[in-house]
Amino acid sequence: MRLLIVDDDVVFTRTLGRALERLGHVATAADTPASALSAVTPGHFDAAIVDLRLGERSGLALIEPLLAADANLRILMLTGYASIATAIEAIKRGAFNYLPKPATARQILAALAQDGVADNPVEPPGTPTSLRRLEWEHIQHVLAEHDGNVSATARALGMHRRTLQRKLAKKPVAE
């Protein structure tokens, strides 16, 4: 497969690219939305692996322009800030699949080989979701609605921007 990796973490991109190439694939890196869009032409890539957070921007906003450049491109959202809200938003915007970090090259390839999210069912939690997790998911949802703009999200949530940044820096407790 010919893969485009869109992530602002240069070390991660280089490491993932090498791992994918060792498995027999061709990997090209882009560290900004602009460089990703300039690299995509119809039929040039089989899939794009897009990080949810691209610096101050949201990878969600990149899904539709990438698909406009190549309608057959499979887009896999990859994020260290996984939430139900962002997964739903990514799929609504046209992402093929969604995978939380950390993910190995083999897991990424397996997710791309599936038939999409329908082939990747999410099991309901065995215990009720914690309030901290619910708050975090709500914040992620509002953040996605504002294309990753922290200031606009803070205004929408009625909280100070620094408070929101502290909450975003804390990952919820795994359940």
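**Exercise 1. Lys92**

Determine the secondary-structure element in which Lys92 is placed, and decide whether Lys92 is buried or exposed.

Solution. Step 1: Lys92 has its place in helix H4. Helices (H or I, at least four residues) and strands (E, at least two) are DSSP runs, numbered from the N terminus. The structure is a predicted model, in which local features need pLDDT of at least 70 and side-chain atom pairs count only at pLDDT 80 or more, while totals for chains, interfaces and linings use all residues. Residues are numbered from 1 along each chain as its sequence is written, and side-chain values use heavy atoms, with hydrogens and water left out.

Step 2: the relative accessibility of Lys92 is 66%, so Lys92 counts as exposed. Buried means under 20% relative accessible area, exposed over 50%, and partly exposed in between (1.4 Å probe, protein chains only).

Step 3: although 29 residues separate Lys92 from Ile63 in sequence, their C-alpha atoms are 9.9 Å apart in space.

**Exercise 2. Two further residues of H4**

Examine Thr86 and Glu89, and state which residues touch Thr86 and which touch Glu89.

Solution. Step 1: Thr86 belongs to helix H4, which spans residues 84-93. With a relative accessible area of 1%, Thr86 is buried.

Step 2: contact means heavy atoms within 4.5 Å. When residues up to four places away in sequence are not counted, Thr86 touches Leu52, Leu60, Tyr81, Tyr98, Gln140 and Ala144.

Step 3: the side chains of Thr86 and Tyr98 are joined by a polar contact of 2.6 Å. A polar contact is a pair of N or O atoms within 3.5 Å; within protein, one must be able to donate a hydrogen and the other to accept it, and residues adjacent in sequence count only if both atoms are side-chain atoms.

Step 4: Glu89 also lies in helix H4, and its relative accessibility of 17% means that Glu89 counts as buried. Its side chain forms a polar contact of 2.8 Å with that of Arg93. Not counting residues up to four places away in sequence, Glu89 touches Leu60 and Ala144.

**Exercise 3. The buried residues of H3**

Identify the buried residues of helix H3 and describe how they fall when seen down the axis of H3.

Solution. Step 1: in H3 (residues 60-69), the buried residues are Leu60, Leu62, Ile63, Leu66 and Leu67.

Step 2: seen down the helix axis, these buried residues of H3 fall within an arc of 130°, and therefore they line one face of the helix. The arc is that of the directions from the helix axis to the C-beta atoms.

**Exercise 4. The packing of H1 and H5**

Characterise the packing of helices H1 and H5, and name the residues that make the contact.

Solution. Step 1: two packed helices are described by the angle between their axes and the distance between the axes. Axes are lines fitted to C-alpha atoms, for helices over the stretch in contact, and angles run from 0 to 180 degrees between N-to-C directions.

Step 2: H1 (residues 10-22) and H5 (residues 105-113) pack at an angle of about 70°, and their axes are 9 Å apart. H1 and H5 are therefore roughly perpendicular to each other. Angles under 35 degrees count as roughly parallel, over 145 as roughly antiparallel, 65 to 115 as roughly perpendicular and the rest as oblique.

Step 3: Leu16, Ala19 and Leu20 of H1 make the contact with Ala105, Ile108 and Leu109 of H5. By class, the contact of H1 with H5 has six nonpolar, no polar and no charged residues. Ala, Val, Leu, Ile, Met, Phe, Trp, Tyr, Cys and Pro count as nonpolar, Asp, Glu, Lys and Arg as charged, and the others, Gly among them, as polar.

**Exercise 5. Helix H7 and its partner H8**

Describe the start of H7, the residue that follows H7, and the crossing of H7 with H8.

Solution. Step 1: at the start of H7, a side-chain oxygen of Asn149 comes to within 3.0 Å of the backbone nitrogen of Ser151. In H7, Val150, Ala152, Thr153 and Ala154 are buried. Gly158, which follows H7, has a positive phi, near 70°.

Step 2: the axes of H7 (residues 150-157) and H8 cross at roughly 105° and come within 9 Å. These two helices, H7 and H8, are therefore roughly perpendicular to each other.

Step 3: Val150, Ser151, Thr153, Ala154 and Leu157 in H7 meet Arg161, Leu164, Gln165 and Leu168 in H8. The contact of H7 with H8 comprises five nonpolar, three polar and one charged residues.
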